[in-house]
Amino acid sequence: MTPWLTVIGIGEDGFKGLGKNARRALLGASRIIGGQRQLDLLPVCIRGERLLWPRPFSLAPVLERRGEPVCVLASGDPMFFGVGASLAHHVPSEETLILPAPSSCSIAAARMGWPLQDVQTLSVVARPVAALNACLFSGVRLLVLSNDRHSPAAIAALLRERGFGPSRMTVLEHLGGEAERRIDSIASDWEAAQLADLNVVAIECLAEAGTARLSRLAGLPDSAFQHDGQLTKRDVRAITLARLAPAHSELLWDVGAGSGSIGIEWMRAHPSCRTLAVEADEGRQQLIEHNRDALGVPGLQLIRGSAPDALHGLERPDAIFIGGGVTRDGVLDTCWAQLKPGGRLIANAVTLQSEMALMAWRERHGGELTRIHIAQAQPLGAFDTWRQALPITLLDVTKPHDA
């Protein structure tokens with residue numbers, strides 16, 4: 001099939017910076033769709049009808065013209081946080097020709113002298129700045145696509161708040177164009193400046209002395225979370241997440257989420273992991289919202305309600321953790337019914353009643369029961385002794401593929 005849709009990456013150097021194939025596609029297109037800035041870069045010799053993206057944004061202007069010679073303009077590389085990636089979900093690859101220009105991050109890495117493969121890239125375009133919190137480690141280099149001229153100030157404020165005030169920030173504007181400009185500063189010294197909306201922020205992360213070290217591995221310190229006592233404690237949390245085994249793009253249901261610790265650490269394991277955190281208590285819902293932002297996973301979705309009723313209609317999960325409610329009628333049955341074949345269900349029990357429920361469940365569906373005992377050394381007069389935490393019973397069961 002001859003592609004009817006051509007997605008063209010265009011840089012700050014405009015039409016003159018495009019290759020022969022991109023120019024030919026624009027000259028032959030009946031319609032050209034893009035943002036005002038990209039359309040303004042085209043010369044008058046391009047005769048196709050020029051259409052702006054609708055507000056709110058929608059791909060409809062492209063999809064409604066399937067089969068016509070249509071061009072879409074995008075900044076830089078359309079497949080790097082761009083409209084090309086969105087269109088790829090709706091238009092088969094054999095119907096599309098994508099002609100990328102260098103991405104803003106590629107140019108930024110060149111300007112900074114940073115090997116791009118050693119840099120972590122992320123976008124805050126129409127996304128919460130809080131996502132940076134999951135990436136803050138001393139020595140890490142970040143390239144951040146800004147939403148607008150206000151993004152650098154918001155990033156600097158976040159760095160200061162999280163104890164990364166000494167980090168070096170470089171704002172790079174209009175990369176590859178005649179108006180290109182560079183502003184260097186330290187996050188703690190950043191002052192509001194007149195910036196262009198089109199900018200990339202390069203960050204060399206450096207933590208202040210004493211800043212808490214938060215690994216991406218499971219088992220963050222309990223102090224990393226705000227909670228009211230309903231928290232899966234650090235060592236048990238690490239064991240639980242190891243059993244859940246988060247993998248690329250998988251969805252977790254965190255049922256009876258409490259402070260959200262399991263779902264949050266699931267998402268910190270990989271940027272593509274997702275969580276639906278189900279919690280009925282309003283106070284704990286607020287804790288989940290605070291913790292997800294503070295720990296860099298603002299995309300965690302909070303489901304306000306009680307299981308099993310709140311579970312109906314949700315996207316089917318790849319894994320389920322039940323931290324509370326296993327004795328409530330219908331919770332285990334609903335979770336098991338909605339779990340994808342091959343998915344993992346992990347449930348923790350503290351009380352005798354909840355342990356009995358897990359034992360009865362294992363009799364019907366199989367799985368593995370594990371008793372977890374944790375003791376910590378604590379003072380006893382002039383000496384130390386072991387203080388035993390409440391034992392945890394963990395059920396680990398995988399749903400058969402033919403279930």
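This passage describes the overall make-up of one protein chain, the packing of its helix 1 and a set of its salt bridges. The model is predicted, so local features are reported only at pLDDT of at least 70 and side-chain atom pairs only at pLDDT 80 or more, whereas totals for chains, interfaces and linings use all residues. Residues are numbered from 1 along each chain as its sequence is written, and side-chain values use heavy atoms, with hydrogens and water left out.

The chain contains 11 helices and 19 strands; helices (H or I, at least four residues) and strands (E, at least two) are DSSP runs, numbered from the N terminus. Along the principal axes, the C-alpha atoms fill a box of roughly 80 × 55 × 35 Å. The chain has 403 residues, of which 46% count as buried. Here buried means under 20% relative accessible area, exposed means over 50%, and partly exposed lies in between (1.4 Å probe, protein chains only). The accessible surface comes to about 19900 Å², and carbon and sulfur atoms account for 51% of that area; the areas come from the Shrake-Rupley method with a 1.4 Å probe. Of the contacts (heavy atoms within 4.5 Å) between residues at least 6 apart in sequence, 64% join residues at least 24 apart. The chain carries 40 positive and 43 negative charges, and their mean positions are 4 Å apart. In this count Lys and Arg are positive and Asp and Glu negative, while His and the chain ends are not counted; each charge is placed at NZ of Lys, CZ of Arg, CG of Asp or CD of Glu.

Helix 1 spans residues 20–28, and its buried residues are Ala22, Ala25 and Leu26. These residues lie on the same side of helix 1 because they cover an arc of only 95° around the axis, the arc being that of the directions from the helix axis to the C-beta atoms. The buried residues pack against strand 1 (5–10), strand 2 (31–34), strand 4 (70–75) and strand 5 (96–99). On the face turned away from the buried side, helix 1 carries the exposed residues Lys20 and Leu27.

Side chains of opposite charge can pair when their charged atoms come close. The structure holds 20 salt bridges, each defined as a side-chain nitrogen of Lys or Arg within 4 Å of a carboxyl oxygen of Asp or Glu. One of them joins glutamate 12 and arginine 37, with an N to O distance of 2.8 Å. Glutamate 12 is in the loop between strand 1 and helix 1 and arginine 37 is in helix 2 (residues 36–40), so this pair ties together parts 25 residues apart in sequence. Both count as partly exposed, glutamate 12 at 23% relative accessibility and arginine 37 at 31%.

In another salt bridge, the closest N and O atoms of glutamate 289 and arginine 304 are 2.5 Å apart. This pair links helix 9 (residues 282–294), which holds glutamate 289, to strand 13 (residues 301–304), which holds arginine 304, across 15 residues. Glutamate 289 is partly exposed at 25% relative accessibility, and arginine 304 is exposed at 51%.

A salt bridge also forms between aspartate 318 and lysine 340 (3.4 Å, N to O). Aspartate 318 lies in the loop between strand 13 and strand 14 (319–322), and lysine 340 in the loop between helix 10 (331–338) and strand 15 (344–349), so parts 22 residues apart in sequence are tied together. Aspartate 318 is buried, with a relative accessible area of 15%, while lysine 340 is partly exposed at 31%. Salt bridges with shared partners also join Arg31, Glu49 and Glu68 into one network.
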